[in-house]
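The sequence and structure come first, and the discussion follows.

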Amino acid sequence: MTRARKSVIAAALALPLSVWAFAEIEAKIHFEDVSAKSGTQVQHHTRRFNGPNADVLRMFTSGGASAAVYDYDGDGLDDIFVTDSDNGKVNHLFHNNGNMTFTDVAVQAGVAKGNDPNTIVADALWLDYDNDGKEDLLVARFGTPILYHNEGHGKFKDVSAASGLNKFGNTIAVIAFDYDNDGYVDIMLGNYFKPVNLLELKDPHVLPNDLDNAVNGGGVTLWHNNHNGTFTDVTEKAGFSKHTGWTLDLGHGDFNNDGLQDVYLACDYGTDRIFFNNGDGTFTEKTQTAIGFDTRKGMNVDIADYDNDGWLDIYVTNITDEYMKECNMLWHNNHDGTFTDVSKETNTCETLWGWAAKFGDFDNDGWQDLFVVNGLRSGSKDNYIPVLVNLITQPGVDFTDVRLWPNIGEMSWSGYQKKKMFRNLGGQAFKEISAEAGVDNDKDGRGLAMGDFDNDGKLDFFQSNADQLPIFYHNNTQGSGNWVQFALTGTKSNREAIGARISITAGGLTQIQEINGGNGYAGQSMRRAHFGIGKATKIDSVEIHWPSGAKEKITNVAMNKLNKVTEGKGLQH
């Protein structure tokens, strides 16, 4: 064990007794599968290609099952937008009926389209790009994105043509955050393949040029919000143009507590990248000094302060199964611009072929738990891995040539994998509880969208699956702790308050959370900040650090309720 790892574990073991007492909630985390009665069971379809390489291309583009949560109509209930990916298949907007049932209103709302002969829907994100108080919707695609403006009354208008978001890219991930703190959210797109149309393939050399150090991917593009409904590509100006890796996910947060949003890129076939915000519209890559070089199969970026030390940590899924033995990464923040991977020490290393992962306090004990979905493809009993190994071990193989990769047919590849849920044991380690929690399904998971869909103070999950029906999990944990939620509205800051940091103290424990704009692979969770406060009977203090730089103390916070706060005006009753 390295000296850095020893110091991290020692710090956890030295937690005060009051902290351990706070964690002793007698609840047993449990979820109920309510998919059938929720009205959200819609089959996802990966894109089917034509030609002799169709099978391989379909495998490489099978990540587009995603979900995004937001109360788009302002009725106090979170709704869910769910993507499909095959030609002609429609996306879904599930309106929350208030009783854990949902109605698909995508067609009448005008947001069902997006999959056509030349484009593939891959991800989605709610964002209020014009600060008008109505949440808009961006649909990311292999192609050009679609930007829908929320017109109110449940209707959306396609404003893509006028938005300036017209650069072709094979986008697999999207986040929105105000990188320059000018009061409007900007957009970052994570691109997997280089910008070529896979559906009209003219050159077969489109796959990674190296299985560990590929540099022929799509990188990222950063779009600055011009405050007038348009965006400008500032990728090169901001310092991201040199990154040409295979980006699979994006995450943002203030990693060094300087009030600026930094960025972590999870990359397939190459090392992950971390960029720190310079505060002048540019970023500096600090990968080598901040994290070193990782196992090169980054799949997910979720960010939380899992040990309640006041600094944001980062969780990245990788592959740990018969195909590869790589281990996930739980990057513990060392408070000095560097991170140490403590996934093995905390028991969060192995989640098989990991995809989305989300932190959340599932039993309201004041500690962030973790749910991870996994599985690539569940098919026949025949295994694709030995077939693939024959290719990988051949000397001098041109991995970029799609024609050389063996077809998978009906074979399985890291399929039928049980999902992984981890209970946080007071910040020092996690315990795997998937079976007892009722979430150990074996579907081919992709995205996780978390929300309190029935406003009962317990976090629920929508799990999207590739080429399968989704799963809706209702949190029915009995005996969970007290809780408090916050919905923030910026005035000088961006209206959604993305990037705002909330610090609360209750029961002798201080917790922080930041409002994020889409962290986590293929799933956007609710915008409300949710804190479990265990057996505490009052909130001792609440302070909000707004993106504008303002700091505001909030008093008279109600427990077991949603508290609405407007920047500069305090608690709104």
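In this predicted model, Lys37 has a relative accessibility of 55% and so counts as exposed, while Glu32 is partly exposed with a relative accessible area of 31%. The side chains of these two residues, Glu32 and Lys37, meet in a salt bridge with an N to O distance of 3.7 Å.

**Salt bridges**

Side chains of opposite charge can pair when their charged atoms come close.

| Pair | N to O distance |
|---|---|
| Glu32 and Lys37 | 3.7 Å |
| Arg528 and Asp78 | 2.9 Å |
| Arg527 and Glu496 | 2.6 Å |

Arg528 and Asp78 form a salt bridge at 2.9 Å. Because Arg528 lies in the loop between strand 33 (523–524) and strand 34 (529–534), and Asp78 in the loop between strand 2 (67–70) and strand 3 (79–82), this pair ties together parts that are 450 residues apart in sequence. With a relative accessible area of 13%, Arg528 is buried, and Asp78 is also buried, at 6%.

In the salt bridge between Arg527 and Glu496, the closest N and O atoms are 2.6 Å apart. Arg527 belongs to the loop between strand 33 and strand 34, whereas Glu496 is found in the loop between strand 30 (482–489) and strand 31 (501–506), so the pair ties together parts that are 31 residues apart in sequence. Both Arg527 and Glu496 are buried. Through salt bridges that share partners, Glu135, Glu496 and Arg527 are joined into one network.

**Cysteines**

A search of the whole structure finds one disulfide, which is formed by Cys327 and Cys349, with their sulfur atoms 2.1 Å apart.

Cys267 has a relative accessibility of 1% and counts as buried.

The buried residues of helix 10 (residues 384–392) are Tyr384, Ile385, Leu388 and Leu391. These residues lie on the same side of helix 10 because they cover an arc of only 115° around the axis. At the start of helix 10, the backbone nitrogen of Ile385 has a side-chain oxygen of Asn383 within 3.0 Å.

Lys418 lies in the loop between helix 10 and strand 25 (420–424), where it is partly exposed with a relative accessible area of 43%. Apart from neighbours within four places in sequence, Lys418 is in contact with Leu352, Asn374, Asp440, Asn441 and Asp442. With Asp440, the side chain of Lys418 reaches the backbone oxygen at 3.5 Å. The C-alpha atoms of Lys418 and Thr346 are separated by 20 Å, the two residues being 72 residues apart along the chain.

Definitions and conventions:
Residues are numbered from 1 along each chain as its sequence is written. This is a predicted model: local features need pLDDT of at least 70, side-chain atom pairs count only at pLDDT 80 or more; totals for chains, interfaces and linings use all residues. Side-chain values use heavy atoms; hydrogens and water are left out. Buried means under 20% relative accessible area, exposed over 50%, partly exposed in between (1.4 Å probe, protein chains only). Helices (H or I, at least four residues) and strands (E, at least two) are DSSP runs, numbered from the N terminus. The arc is that of the directions from the helix axis to the C-beta atoms. A polar contact is a pair of N or O atoms within 3.5 Å; within protein, one must be able to donate a hydrogen and the other to accept it, and residues adjacent in sequence count only if both atoms are side-chain atoms. A salt bridge is a side-chain nitrogen of Lys or Arg within 4 Å of a carboxyl oxygen of Asp or Glu. A disulfide is a pair of cysteine sulfur atoms within 2.5 Å. Contact means heavy atoms within 4.5 Å.
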